[in-house]
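Let's take a walk through this model together. Have the sequence and the 3D view at hand as you read.

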Amino acid sequence: VPQHLQEASSFLHTELLTWLTGTQLALVLRSMPLGGTQTNGFAAWRMLCEEEERMDPAAQVAVLQELLHPEFEVAEGGWRQGWVEWEAKLARHARLLGSLGDAVRIGIVRARAPD
């Protein structure tokens with residue numbers, strides 16, 4: 001691993017230990033190796049992000065409902081802007097959706113396309 005990446009990782013880990021408290025701090029501490037010598041700030045950050053992105057089942061259902069039944073026309077910029085925002089949400093929630101094939105995406109868009 002290049003020296004500059006090791007230094008960035010160590011810096012990130014130190015910052016996380018300095019600024020976090022409670023459950024988040026516990027997650028960072030749990031990401032440390034048993035010996036405590038080699039810290040990996042990037043792994044700790046990844047673990048924090050994964051924990052923060054977890055949703056309870058009710059929230060998952062709400063997100064799936066919104067993604068599978070979008071309302072493009074209510075977007076502030078109109079239908080096209082709603083479509084662009086929907087595509088961004090699909091990318092953001094890809095792990096939750098799994099593989100949503102192109103045919104399904106096209107079908108959702110075509111069903112809501114203006115005449």
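H13 is buried, with a relative accessible area of 2% (buried means under 20%, exposed over 50% and partly exposed in between, using a 1.4 Å probe and protein chains only). This is a predicted model, in which local features need pLDDT of at least 70 and side-chain atom pairs count only at pLDDT 80 or more, while totals for chains, interfaces and linings use all residues. Residues are numbered from 1 along each chain as its sequence is written, and side-chain values use heavy atoms, with hydrogens and water left out.

You will find H13 in helix α1 (residues 3–19); helices are DSSP runs of H or I with at least four residues, numbered from the N terminus. Leaving aside neighbours within four places in sequence, H13 is in contact (heavy atoms within 4.5 Å) with V28, S31, M32, T39, N40, G41 and A44.

Now turn to helix α5 (residues 79–92) and helix α7 (residues 102–112), whose axes come within 12 Å and cross at roughly 160°. Axes here are lines fitted to C-alpha atoms over the stretch in contact, with angles from 0 to 180 degrees between N-to-C directions. The two helices are therefore roughly antiparallel, a term for angles over 145 degrees. W79, W83, W86, E87 and L90 in α5 meet R105, I108, V109 and R112 in α7.

Some of these names return in the largest nonpolar core, whose ten residues are V63, L67, F72, W79, W86, L90, L97, L100, I108 and V109. Such a core is a set of buried Ala, Val, Leu, Ile, Met, Phe, Trp, Tyr and Cys residues joined through side-chain atoms within 4.5 Å. Here α5 gives the most, with three residues.

Technical notes
Angles under 35 degrees count as roughly parallel, over 145 as roughly antiparallel, 65 to 115 as roughly perpendicular and the rest as oblique.
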